[in-house]
Amino acid sequence: MSREEFIKTYWRYYLILEQRVQKIEKYVEFVEDNRKTYSVEFIGCLMEIGSEIDVVMKNICGFPENDRKTIKEYAPLILEKYGEIKEQEVRIRGMVIKPFEKWSIDEPAKSLKWWNAYNLVKHGRSENYQMANLTNVIQALAALFLLEMNRIKELAQVDIEPDIPEKMSKLFEAVQWEAKWIEGNSDYFCRVETI
């Protein structure tokens with residue numbers, strides 16, 4: 001898969017999911033006091049984001065789209081390929097989060113609270129309704145953001161193509177992200193020259 005195909009197929013959809021989450025901020029501010037706020041809208045967001053994470057992980061691992069795979073199969077491959085993902089930080093509204101910090105090959109689903117919440121809500125909505133909350137939605141979207149940023153960087157032909165997307169996230173900023181290209185305006189990228 002080329003960088004251009006990935007951006008067209010995956011990153012554009014990420015931006016749509018991000019816009020949906022941003023609209024919620026009109027009603028529920030993204031602050032610590034609201035972290036446990038849950039709603040039917042958060043259920044929809046968590047289900048869509050979790051499903052897209054599954055699809056993107058499958059792409060990263062090189063599995064065919066129609067294969068039925070689990071996070072247990074994704075974890076060792078992704079942690080080997082993107083070993084730094086556990087330490088990667090994302091900034092949102094002054095908060096810094098590490099969505100993959102505790103990811104473990106031994107318990108790949110349970111070690112990610114937001115993934116565990118996604119599965120519990122998906123398979124037992126009535127008992128786990130409260131898990132579709134602001135924290136889990138933001139953590140899951142931040143995880144999708146990092147997965148996609150890493151994949152774009154991997155796919156880019158660095159001397160030719162930008163190793164970041166043309167349209168950046170309006171919600172997240174990757175902390176201490178090293179890229180060989182920087183964003184100029186929406187139509188232009190600059191290559192960073194290293195000495």
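**Entry 1: helix α2.** I kept in mind that this is a predicted model. I started with the length of α2, residues 40-61. At 1.5 Å a residue, its 22 residues should span 32 Å, and I found the end C-alpha atoms 32 Å apart, which agrees. Next I looked at both ends. Ser39 caps the N-terminal end, with a side-chain oxygen 3.3 Å from the backbone nitrogen of Glu41. Just after the helix, Gly62 takes a positive phi of about 80°.

**Entry 2: Asn59.** Is Asn59 buried or exposed? This residue of α2 has a relative accessible area of 13%, so I put it down as buried, the limit being under 20%. I then asked what Asn59 touches beyond its neighbours within four places in sequence. The contacts I listed are Met1, Phe6, Tyr10 and Arg151.

**Entry 3: the sheet.** I traced an open sheet of 3 strands, ordered β2-β1-β3, with antiparallel pairing. The edges are β2 (95-97) and β3 (173-175), each of which pairs on one side only. Ignoring direction, neighbouring strands are turned by 35° against each other on average. I looked up the pairing of β1 (residues 89-92) with β2 and found 3 bridges; Val90 has Ile97 of β2 as its bridge partner.

**Entry 4: aromatic pairs.** How many aromatic pairs are there? I noted a count of 11. I picked Trp11 and Phe145, whose ring centres are 6.2 Å apart; their planes meet at 50°, so I call the pair tilted. Trp11 belongs to helix α1 (residues 3-24) and Phe145 to α6, so this pair ties together parts 134 residues apart in sequence. Both partners turned out buried: Trp11 is at 1% relative accessibility, and Phe145 is at 2%.

My next pair was Phe63 and Tyr74, also tilted, at 6.2 Å centre to centre with 40° between the planes. Phe63 sits in the loop between α2 and α3 (71-81), while Tyr74 is in helix α3, 11 residues apart. Phe63 is partly exposed at 21% relative accessibility, whereas Tyr74 is buried at 0%.

Notes. Residues numbered from 1 in each chain as written. Predicted model: local features only at pLDDT ≥ 70, side-chain atom pairs only at ≥ 80, totals over all residues. Heavy atoms only, no water. Helix = DSSP H or I, 4+ residues; strand = E, 2+ residues; numbered from the N terminus. Expected span 1.5 Å × (residues − 1). Polar contact = N/O pair within 3.5 Å; in protein donor to acceptor, adjacent residues only side chain to side chain. Buried < 20%, exposed > 50% of the residue type's maximum accessible area, 1.4 Å probe, protein only. Contact = heavy atoms within 4.5 Å. Pairing = 2+ DSSP bridges. Axes fitted to C-alpha atoms, helices over the stretch in contact; angles between N-to-C directions. Phe/Tyr/Trp six-rings, centres within 6.5 Å; stacked < 30°, edge-to-face > 60°.
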